[in-house]
Amino acid sequence: MVTFPNAKINLGLNIIEKRTDGYHNIESVFYPIAWCDALEMVKADSFSFQSSGLEIPGNQDNNLICKAYRILEEKGYFGGMSVNIHLHKVLPMGAGIGGGSADGAFALKMLNELFDLDLGVKELEKLAEKLGSDCPFFIENKPKFCFGKGTEFEEIEISLKGKYIVLVNPLIHISTAEAYSGVRPRKPEVPIKDIVSGPVSMWKNTLKNDFEAKIIDNHPKIGQIKNSLYHNGAIYASMTGSGSTVFGIFDTKVEDLEKIFLDCVIWQGQSQF
């Protein structure tokens, strides 16, 4: 069985308040895009995990795919069987696009199907929450308004279908600690849900990512990328998540991106949602 865990972008990101458990309450719109990894699973007598493509740092035990397998294994779902897993890693890590979260969530969905576990959406979302705050989004994998600590979702009417989305990653690592060090939690004057209900052409001055200003101060190249996207015709551009990837939304395909954004990882695709 092969699937293709895809990335997401944040349309706006407000840090509302710090919680008593140390997390923050946020609000954002999570929007899936077609840039993806490739994940293969086959039943086997013993477990194995291999990867190709981008090198994945750290201990394999911390990989969310392996954690997803163990969560279900501990519940005794596999009946003595196991799986061989191969991940071809395309999505850059620590880029604010949810690549690792998607891998973990898709692994849960694949194991559910491969072993006929018959787990429903809500059950899978609860399991995905154990992997990380972005993971439950990728169970249904469609545009959602996200709130709470990033694990609560509501349906939202929004479509960028037919628009071209460009992502530019400058290969700058932004730690969670750095991202939050520049943020003062506050309730927004206008909720993100209200802003995104209007036309994309109106988002430029109203739809914000609270992480962006301080991170651009620390890493001016990120601001230069955002300005360049606007210069080349973006209707809207923003950093996604806690960075460092910047995306732009365009009416038409952008040519010669490699010449515009030197020494960056670039993706362009047409929105399917």
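How many residues does helix H8 have, and how far does H8 reach from its first C-alpha to its last? This is a predicted model. In it, H8 spans residues 220-231, which makes 12 residues. The helix reaches 16 Å, close to the 16 Å expected at 1.5 Å a residue.

**Around H8**

Several residues of H8 are buried, among them Ile-222, Ile-225 and Leu-229. Gly-223, Lys-226, Ser-228 and Tyr-230 are also buried.

Just after H8 comes Gly-233, with a positive phi of about 105°.

**The nonpolar core**

The largest nonpolar core holds 88 residues. Leu-229 is among those with the most contacts inside it, as are Leu-11, Leu-167, Val-196, Trp-203 and Ile-249. Helix H2 (residues 99-114) gives the largest share of this core, eight residues. Leaving aside residues up to four places away in sequence, Ile-249 touches several others, including Leu-11, Trp-203, Lys-163 and Tyr-236.

**An open sheet**

Four strands line up in the order E2-E3-E7-E8, with antiparallel pairing. Which strands stand at the edges? They are E2 (6-18) and E8 (152-155). Each has a single partner strand, so one side of each lacks a neighbour in the sheet. On average, neighbouring strands of this sheet are turned by 25° against each other, direction ignored. E2 and E3 (residues 24-36) are joined by 10 bridges. Asn-10 has Phe-30 as its bridge partner in E3.

Notes. Residues are numbered from 1 along each chain as its sequence is written. This is a predicted model: local features need pLDDT of at least 70, side-chain atom pairs count only at pLDDT 80 or more; totals for chains, interfaces and linings use all residues. Side-chain values use heavy atoms; hydrogens and water are left out. Two strands pair if DSSP finds at least two bridges between them. Helices (H or I, at least four residues) and strands (E, at least two) are DSSP runs, numbered from the N terminus. Axes are lines fitted to C-alpha atoms, for helices over the stretch in contact, and angles run from 0 to 180 degrees between N-to-C directions. A nonpolar core is a set of buried Ala, Val, Leu, Ile, Met, Phe, Trp, Tyr and Cys residues joined through side-chain atoms within 4.5 Å. Buried means under 20% relative accessible area, exposed over 50%, partly exposed in between (1.4 Å probe, protein chains only). Contact means heavy atoms within 4.5 Å. The expected span of a helix is 1.5 Å times one less than its number of residues.
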